[in-house]
Amino acid sequence: MRALRDLTAQITRDYDRKRSLDDISTIMAHRIGVGESALQVAEWFREHGPDWIGTRSMPYTFIITRLGLIEQALPLTVKSPHARKWNRSAVGIGVVGDFRETEPSNAQTASFIVLCARLQDRLGRQLTVIGHTDVKDSTRDPSKVCPGRLFPLSSLREVSYSMGQIIC
Ligand SMILES: [Zn+2]
């Protein structure tokens with residue numbers, strides 16, 4: 001069975017910025033290729049982050065591995081540097097792979113839906129589900145494409161929204 005693995009104690013740093021749960025309105029999908037796990041991705045940004053994003057902080061609140069394991073890298077109350085003006089309002093989910101070139105695995109898309117549903121339950125409201133470069137002011141690189149056209153965001157968004165309407 002897939003489980004959510006909590007790595008927040010290992011990855012969170014005292015220089016990370018904070019936000020409140022009320023700030024969160026959005027779930028933002030990213031592709032990530034600098035590691036296969038939350039610990040590897042966090043380590044990469046600790047080393048290379050200052051050159052790439054100007055900080056050593058972990059950009060993604062969650063990582064979904066190729067096998068579909070959901071890893072929590074940061075508490076929801078950390079405002080992480082994943083999408084410039086969207087850092088405060090969006091929870092960043094880094095999905096391991098390059099979806100400009102390949103589709104995510106079925107396990108990854110299933111986990112993405114589960115995670116969206118869980119976040120909406122946790123916050124008690126519907127969250128907007130978007131891709132990193134679907135919106136303005138989310139990156140310095142105008143040619144960036146993230147997570148990529150092979151990531152089936154519109155169907156995942158629809159399933160996530162309908163799951164948010166289940167009354168239990
Ligand atoms: Zn991205």
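Mentor: What follows is a set of questions and answers that goes from the whole chain to single residues.
Residues are numbered from 1 along each chain as its sequence is written. This is a predicted model, in which local features need pLDDT of at least 70 and side-chain atom pairs count only at pLDDT 80 or more, while totals for chains, interfaces and linings use all residues.

Trainee: How many helices and strands does the secondary structure of the chain come to?
Mentor: Helices (H or I, at least four residues) and strands (E, at least two) are DSSP runs, numbered from the N terminus. Along the sequence they follow the pattern β-α-β-β-α-β-β-β-β-α-β-α. The total is 4 helices and 8 strands.

Trainee: What radius of gyration does the chain have?
Mentor: The C-alpha atoms fill a box of roughly 45 × 35 × 35 Å along the principal axes. The radius of gyration is taken over C-alpha atoms, and the globule rule is 2.2 Å times the number of residues to the power 0.38. For 168 residues a compact globule would have a value near 15 Å, and the chain agrees with this, having 15 Å.

Trainee: In which order do the 6 strands of the open sheet lie?
Mentor: Two strands pair if DSSP finds at least two bridges between them. The pairing in this open sheet is mixed, and its 6 strands have the order S1-S5-S4-S7-S3-S8. The edge strands, each of which pairs on one side only, are S1 (4–6) and S8.

Trainee: Which residue in S7 is the bridge partner of Ile27?
Mentor: Strand S3 (residues 26–32) is mostly covered, with 6 of its 7 residues buried; a residue is buried if 20 or more other C-beta atoms lie within 10 Å of its own, exposed if 12 or fewer, and partly exposed in between, with C-beta atoms placed from the backbone. S3 runs parallel to S7 (residues 90–96), to which it is joined over 7 bridges, and it is also parallel to S8 (residues 128–131), with 4 bridges. On the S8 side Met28 has Ile130 as its bridge partner. On the S7 side the partner of Ile27 is Val91.

Trainee: Which residue in S5 does Arg5 stand opposite?
Mentor: S1 and S5 (residues 70–72) pair in the parallel sense over 3 bridges. Within S5, the residue opposite Arg5 is Glu71.

Trainee: At roughly what angle do the axes of H3 and H4 cross?
Mentor: Axes are lines fitted to C-alpha atoms, for helices over the stretch in contact, and angles run from 0 to 180 degrees between N-to-C directions. Residues are in contact if their C-beta atoms, placed from the backbone, lie within 7 Å, and residues of H3 including Phe112 and Cys116 meet residues of H4 including Leu156 and Val159. The axes of H3 and H4 (residues 153–164) come within 9 Å, and the crossing angle is roughly 40°.

Trainee: Is Leu74 buried or exposed?
Mentor: Leu74 is placed in the loop between S5 and S6 (78–79). Leaving aside neighbours within four places in sequence, its contacts include Thr8, Ile11 and Met58. Because Leu74 has 24 C-beta neighbours inside 10 Å, it counts as buried.

Trainee: What is the value of phi for Asp137?
Mentor: Most residues other than glycine have a negative phi, and most peptide bonds are trans. Asp137 lies in the loop between S8 and H4 and counts as exposed, with 9 C-beta neighbours inside 10 Å. Although Asp137 is not a glycine, its phi is positive, at about 60°.

Trainee: What is omega for the cis peptide bond that joins Cys146 and Pro147?
Mentor: Pro147 is found in the loop between S8 and H4. For the cis bond joining Cys146 and Pro147, omega is about 5°.

Notes
Contact = placed C-beta atoms within 7 Å.
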